[in-house]
Amino acid sequence: MLLFANQILIYTATGLLIGLIAGTLAACLWYQNRLKKNLGQMQTDLSSLGKNSIFIGDNANFTGLSDLSVALQTFYRKSRQREKSLKKVGRRLNSVLNNMQEGVIVLNGRNHVVFSNQSSRELLAVSVDDLVNRSILEIVRNPEIEQAISDCLAGKSDVQTEFETTRGPKKTLMVRVSQMPRKSKAQTMLVLADISNLRQLENMRRDFVANVSHELKTPLASIKAYSETLRRGAINDEANRLKFVNTIEDQANRLHQLIIDLIHLARIEQGKTAFVITDVDLTGIVLERVEAFRDNAANSRITLDIKSPESEIWVRADDEGLQTIIDNLLSNAIRYTPADGVVTVVCSKNENESILQVIDTGIGIAPDQQERVFERFYRVDKARSREKGGTGLGLSIVKHLTQSMEGKITLNSSVGIGSKFSVYLPLVDSPESGN
């Protein structure tokens with residue numbers, strides 16, 4: 001009986017052991033299948049991340065960790081390639097933005113700067129620390145900018161405005177505001193452009209039109225007035241009619257000279273004047289033009305002197321243009337020099353340049369006017385210039401002619417003492433040198 005009971009216990013224990021082993025084996029098989037399934041899904045997911053697919057040969061068979069290892073390596077390789085590509089694109093984009101003349105500023109939802117290129121910082125005269133993470137309204141402090149940003153966020157397109165900078169050299173900037181894509185964390189982008197030169201040119205054009213109108217109106221008004229006076233009976237006034245006719249002729253000549261100078265200046269500025277640049281004897285032309293002005297200087301009781309070197313000075317210039325430069329400088333010097341004054345013409349040279357100087361003992365030019373004397377119609381003494389028949393274009397023509405011959409002109413002047421205009425032109429060897 002005891003033996004039978006022991007056998008039953010042995011059989012039961014054996015059955016339990018077998019069942020445990022079988023269950024364990026079944027569990028292992030199930031876990032293996034589950035692991036294999038998960039690894040396969042992971043491999044698929046990683047393959048998709050690695051560019052949506054991985055090239056596999058027809059006989060390839062990914063199993064377990066081997067498949068995962070290959071997928072990870074492929075994903076890593078693709079990620080590195082993408083990273084290098086993105087860095088390359090980023091460098092190119094950064095290079096383009098920093099080499100743009102226009103400034104680019106990107107703002108977040110609070111109107112704080114999250115990006116700015118080099119040009120924007122130069123235009124606003126600020127550093128990176130002064131710009132990034134600060135409100136654009138604190139930097140610019142312009143209500144028009146704030147309004148432009150608000151209009152852009154409200155849905156308006158191509159919002160642009162202008163403002164003047166308050167830091168560094170004064171500039172006029174045009175800003176265009178546009179919205180960034182909705183998926184971007186940034187909300188607005190500002191593109192800045194320096195239009196200071198454009199506005200300066202517009203102001204010069206308006207001044208030019210106003211000056212031309214005035215300069216043309218003055219002689220025409222005189223011609224009309226004296227003509228009407230003659231027509232209404234002064235033509236029979238033997239004592240005054242010749243005077244009236246001479247005045248009409250003088251004003252007509254002034255009007256003619258003004259128109260000629262305007263045409264000449266316009267053709268020079270537009271590059272339509274054909275310059276024949278050759279080797280020219282500067283000293284010879286200066287001597288010739290000085291002699292042509294001696295009577296004019298004598299009539300104004302002005303001594304006209306010349307100082308030139310013993311040897312000739314040859315320059316690269318246009319013969320006719322060089323004569324115009326000398327004529328205008330001499331005419332200007334005589335016009336602004338009082339009686340008993342002196343006008344001196346000096347020719348010299350250095351290693352590379354010839355130097356033509358016209359020096360007078362005239363009224364002189366104040367420092368704040370010296371830059372403007374080369375502008376069209378600008379006169380230091382308007383009454384004296386008109387009285388002597390000046391058009392206000394002589395020095396402007398001199399400046400443009402000198403620049404067209406690759407030269408330059410400078411001015412040194414003191415009020416009440418006189419002025420010195422110096423023209424520098426490229427120097428060449430004289431023909432006798434054989435070079």
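**The nonpolar interior and its surroundings**

A: The largest nonpolar core has 44 residues, and those touching the most other members are V286, V315, L322, L329, L330, V343 and F421. Helix α11 (residues 319-335) gives the most to this core, contributing seven residues. A nonpolar core is here a set of buried Ala, Val, Leu, Ile, Met, Phe, Trp, Tyr and Cys residues joined through side-chain atoms within 4.5 Å. Buried denotes under 20% relative accessible area, exposed over 50%, and partly exposed anything in between, with a 1.4 Å probe and protein chains only. Helices (H or I, at least four residues) and strands (E, at least two) are DSSP runs, numbered from the N terminus.

The model is predicted: local features need pLDDT of at least 70 and side-chain atom pairs count only at pLDDT 80 or more, while totals for chains, interfaces and linings use all residues. Residues are numbered from 1 along each chain as its sequence is written, and side-chain values use heavy atoms, with hydrogens and water left out.

Leaving aside neighbours within four places in sequence, L329 is in contact (heavy atoms within 4.5 Å) with V358, L395, V398, I409, F421 and V423. Several of these partners lead to other elements. L395 and V398 are buried in helix α13 (residues 394-404), as are S396, I397, H400, L401 and T402. Just after α13, E406 takes a positive phi of about 60 degrees.

S414 stands opposite G418 in β12. The two strands form a hairpin with three residues between them, and G416 in the turn has a positive phi of about 80 degrees.

Apart from the 44-residue core lies another core, of 21 residues, among them L131, V159, V177 and L190. V159 stands opposite V177 in β4, and six bridges join β3 to strand β4 (residues 172-179), the two running antiparallel. An open sheet of five strands has the order β2-β1-β5-β4-β3, with antiparallel pairing. β2 (113-116) and β3 (159-164) stand at its edges with a single partner strand each, so one side of each has no neighbour in the sheet. Helix α6 (residues 143-153) lies across β1 (103-107), β3, β4 and β5 (188-194), running at about 170 degrees to β3. For such angles, axes are lines fitted to C-alpha atoms, for helices over the stretch in contact, and values run from 0 to 180 degrees between N-to-C directions.

In total, the protein has 13 helices and 12 strands. Of its 435 residues, 34% count as buried. Among contacts between residues at least 6 apart in sequence, 59% join residues at least 24 apart.

Terms used. Pairing = 2+ DSSP bridges.
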